Amino acid sequence: MHFLLAVLILSAASTAAAQEPAPEVKVAVAASPSPSPASSPEARRGVRPGDVQKVFIIQHVGVNDLVRVLSVFPAELSGMERDNRRVLSVSAAPAVVAAIEETIKRLDVPPPPIKSVEITAYVLECSTSGEAGTLPQDLQGVLVQLKKTFNYSGCALGRTLIARGSDDSRFAGEFNERAAGKYELNGRVEVDSSEPPTVRLRGIDLVNWSANTRSRISGDVEVHGGQKVVLGRLGVTESGKDQIVVLTAKVAP
């Protein structure tokens with residue numbers, strides 16, 4: 001009996017132990033290192049053993065622009081601009097300094113000279129009947145063209161208007177004549193690099209103020225190698241002759 005009671009007590013104790021919740025187990029997890037901040041820009045190269053130093057006087061280009069271009073070289077670069085003085089100092093291996101010097105020679109050059117252009121407008125007075133007059137020899141080719149196109153019997157040179165400008169800029173001229181009134185000529189000139197150069201006259205505007213009338217002609221013209229180009233009909237003179245405008249442009253040597 002005593003043996004049975006002991007077995008029952010042990011069995012009850014085992015059942016109670018199985019019903020009790022297991023003790024909470026805490027596991028310590030090592031914190032992973034936080035991601036490092038983005039790496040900072042690469043530090044300057046600095047002066048290294050075996051480097052040579054050289055200072056360049058820059059005459060035509062900006063030092064800051066030059067430093068950006070030369071940054072492809074493994075070199076220490078330092079520039080300064082003050083009181084119209086431009087200085088660039090270089091520290092690098094001898095071969096690199098030599099390459100930088102050659103690059104500077106190619107980049108630090110004066111800008112191309114601005115091309116000056118003389119624009120000439122010939123105002124011809126043309127008639128379909130009778131004797132109109134004569135033209136200078138260099139306008140005879142234009143006369144042949146006008147006779148074929150407009151059936152003129154002849155043309156005479158009324159007046160010559162000259163204006164001057166430079167590449168990629170505007171030009172303007174004003175001409176006062178008692179008999180013919182006032183002429184205003186303006187526009188924009190562009191010169192390309194062909195040989196002989198082509199001159200583009202953009203937004204040409206020619207106005208003639210005469211008595212109580214105003215005549216006007218506008219347009220764009222390309223002049224190749226100093227040729228003469230007919231812009232069109234400006235108006236009519238008091239005698240009934242057509243005013244034909246012929247343009248040419250010459251680049252100053």
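# Buried residues, sheet and cores in a predicted model

Me: Is Asp 51 buried or exposed?
Reply: Asp 51 is buried, with a relative accessible area of 13%. Buried means under 20% relative accessible area, exposed over 50%, and partly exposed in between (1.4 Å probe, protein chains only).

Me: What kind of model is this?
Reply: This is a predicted model, in which local features need pLDDT of at least 70 and side-chain atom pairs count only at pLDDT 80 or more, while totals for chains, interfaces and linings use all residues. Residues are numbered from 1 along each chain as its sequence is written, and side-chain values use heavy atoms, with hydrogens and water left out.

Me: Back to Asp 51. Where is it in the chain?
Reply: Asp 51 is in the loop between helix H1 (2–19) and E1. Helices (H or I, at least four residues) and strands (E, at least two) are DSSP runs, numbered from the N terminus.

Me: Which backbone nitrogen lies 3.4 Å from a polar atom of its side chain?
Reply: That of Ala 93. A polar contact is a pair of N or O atoms within 3.5 Å; within protein, one must be able to donate a hydrogen and the other to accept it, and residues adjacent in sequence count only if both atoms are side-chain atoms.

Me: How many helices and strands does the protein have?
Reply: Four helices and 11 strands. Of its 253 residues, 32% count as buried.

Me: Which residues of H2 are buried?
Reply: In helix H2 (residues 63–70) they are Val 63, Leu 66 and Leu 70. They are on the same side of H2, because they cover an arc of only 60 degrees around the axis; the arc is that of the directions from the helix axis to the C-beta atoms. The face turned away from this buried side carries the exposed residues Asn 64 and Arg 68.

Me: What do the buried ones pack against?
Reply: Strand E1 (52–58), strand E2 (76–82), strand E3 (85–92) and helix H3 (94–107). Contact means heavy atoms within 4.5 Å.

Me: New topic. How many residues are in the largest nonpolar core?
Reply: It has 26 residues, and Tyr 183, Leu 185 and Leu 206 are among those with the most contacts inside it. Such a core is a set of buried Ala, Val, Leu, Ile, Met, Phe, Trp, Tyr and Cys residues joined through side-chain atoms within 4.5 Å. A second, separate core of 14 residues includes Val 63, Ala 75, Ala 92 and Val 97.

Me: What is Tyr 183 in contact with?
Reply: Leaving aside neighbours within four places in sequence, its contacts include Val 123, Phe 175, Leu 206 and Gln 243.

Me: And the open sheet: what is its strand order?
Reply: The order of the four strands is E6-E7-E8-E9, with antiparallel pairing. The edge strands are E6 and E9, each pairing on one side only. Two strands pair if DSSP finds at least two bridges between them. E7 and E8 have nine bridges, and Leu 185 stands opposite Leu 206 in E8.

Me: Where does Thr 237 sit?
Reply: Thr 237 is in the loop between E10 and E11, and at 17% relative accessibility it counts as buried. Its side chain makes a polar contact with the side chain of Ser 239 (3.0 Å). Not counting residues up to four places away in sequence, Thr 237 touches Glu 125 and Gln 243.

Me: How many bridges join E10 to E11?
Reply: Six, and the two strands run antiparallel. Gln 243 in E11 is the bridge partner of Gly 235.
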